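Hi,

Here is the structure I promised to hand over. Have a look at it first, then read on for what turned up.

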Amino acid sequence: MRPSGAKPSHTQRGKGGAPLSTTVRIKVDRDRCQGHARCAALAPELFRLDELGNAHEIGDGTVPEALVDKAWLAKANCPELAIEVTET
Ligand code: F3S
């Protein structure tokens, strides 16, 4: 497990050094989220707040490549550790 907030290298290399594409997804744990709203402030393209101020990921949580850094930043800044970022 990597340290909280550590950003991994996004581009992985396959055989022969060719880049392999990865899909990055975010998911908000609704049981942990306490509505601090840092995620939506840092990455409004990825998170929305509901009427109670709790966050949810936009769409199916797939993160466009240009927003991957913001996804990791939001994760690192959630005081409740409610944001999961996965790479597949
Ligand atoms: Fe909730 Fe963390 Fe965002 S507590 S509103 S997921 S900063």
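A word on terms before anything else: helices (H or I, at least four residues) and strands (E, at least two) are DSSP runs, numbered from the N terminus. Leu73, for instance, is found in helix H2.

Two housekeeping points. This is a predicted model, so local features need pLDDT of at least 70 and side-chain atom pairs count only at pLDDT 80 or more, while totals for chains, interfaces and linings use all residues. Residues are numbered from 1 along each chain as its sequence is written.

Now the overall layout. The protein chain has 2 helices and 7 strands, and along the sequence they come in the pattern β-β-β-α-β-β-β-α-β. Of its 88 residues, 19% are buried, where buried means 20 or more other C-beta atoms within 10 Å of the residue's own, exposed means 12 or fewer, and partly exposed is in between (C-beta atoms are placed from the backbone). Call two residues in contact if their C-beta atoms, placed from the backbone, lie within 7 Å. Among contacts with a separation of 6 or more, 62% are between residues 24 or more positions apart.

On to the sheet. Strands pair if DSSP finds at least two bridges between them. There is an open sheet of 3 strands in the order S6-S3-S7, with antiparallel pairing. Its edge strands are S6 (62-63) and S7 (83-87), each pairing on one side only. Strand S3 (residues 24-28) is joined to S6 by 2 bridges, and Val24 has Val63 as its bridge partner in S6. Helix H2 (residues 68-77) lies across S3, S6 and S7, at about 145° to S7; axes are lines fitted to C-alpha atoms, for helices over the stretch in contact, and angles run from 0 to 180 degrees between N-to-C directions.

Back to Leu73: with 17 other C-beta atoms within 10 Å, it is partly exposed. Beyond four places in sequence, Leu73 touches Leu42 and Ala43. Leu42 is 31 residues away along the chain, with 7.4 Å between the two C-alpha atoms.

Next, the core. I used "nonpolar core" for a set of buried Ala, Val, Leu, Ile, Met, Phe, Trp, Tyr and Cys residues joined through C-beta atoms within 7 Å. The largest one has 15 residues, and Cys39, Ala43, Leu46, Phe47, Ala71, Ala74 and Ile83 touch the most other members. S3 and H2 are the elements giving two or more residues to this core, and H2 supplies the largest share, 3 residues. Leaving out neighbours within four places, Ile83 is in contact with Ile26, Val28, Cys39, Ala74, Lys75 and Cys78.

Gly35 is in the loop between S3 and helix H1 (38-42). It counts as partly exposed because it has 13 C-beta neighbours inside 10 Å. Leu52, Gly53 and Asn54 are what Gly35 touches beyond four places in sequence.

Cheers
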